[in-house]
Amino acid sequence: QVQLVESGGGRVQCGGSLRLSCAASGRTFSTYHMAWFRQAPGKEREFVAAIYRSGTDSYYADSVKGRFTISRDNAKNTVWLQMNSLTPEDTAVYYCAAGRTFRSNKYDYWGQGTQVTVSS
């Protein structure tokens, strides 16, 4: 069982930056691949970025590639999402997720989400 708690969301102006954190409980964090998803009002939840359990591989949605960076520290049981050059289209609730299969979009555990609002 893994419990995930996101933090770091907030309101930022267009072009600004935010860094989201996801803290995981338990001693098995390093065995899980981690990801970030987001859901905007009236839209389906969409994939943002994922990172391999060891941190040696990652991939991104085209919409955030070059602007967002996912990273993790297994000693701290934490995964981050650095978001730069934010636009109003990035406004959403952001969720972190943990799963056992990389590049599958199958995740077993989810956090409660953190709101990101980008104003123009």
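Let's start with the disulfide: cysteine 22 and cysteine 96 form it, with sulfur atoms 1.9 Å apart. The criterion is a pair of cysteine sulfur atoms within 2.5 Å. The structure holds 1 disulfide. It links distant parts of the chain, 74 residues apart: cysteine 22 sits in strand S3, cysteine 96 in strand S9, residues 92–99. The torsion about the S-S bond is about 45°, so this disulfide is right-handed.

This is a predicted model, where local features need pLDDT of at least 70, side-chain atom pairs count only at pLDDT 80 or more, and totals for chains, interfaces and linings use all residues. Residues are numbered from 1 along each chain as its sequence is written, and side-chain values use heavy atoms, leaving out hydrogens and water.

Buried or exposed? Cysteine 22 is buried, at 0% relative accessibility. Cysteine 96 is buried, also with a relative accessible area of 0%. Cysteine 14 is partly exposed, at 44%. Buried means under 20% relative accessible area, exposed over 50%, partly exposed in between, with a 1.4 Å probe and protein chains only.

Now the sheet. It is open, has 4 strands in the order S1-S3-S8-S7, and pairs antiparallel. Strands are DSSP runs of E, at least two residues, numbered from the N terminus; two of them pair if DSSP finds at least two bridges between them. The edge strands are S1 (4–7) and S7 (68–73).

S1 and S3 (residues 18–24) pair over 4 bridges. Valine 5 stands opposite alanine 23.
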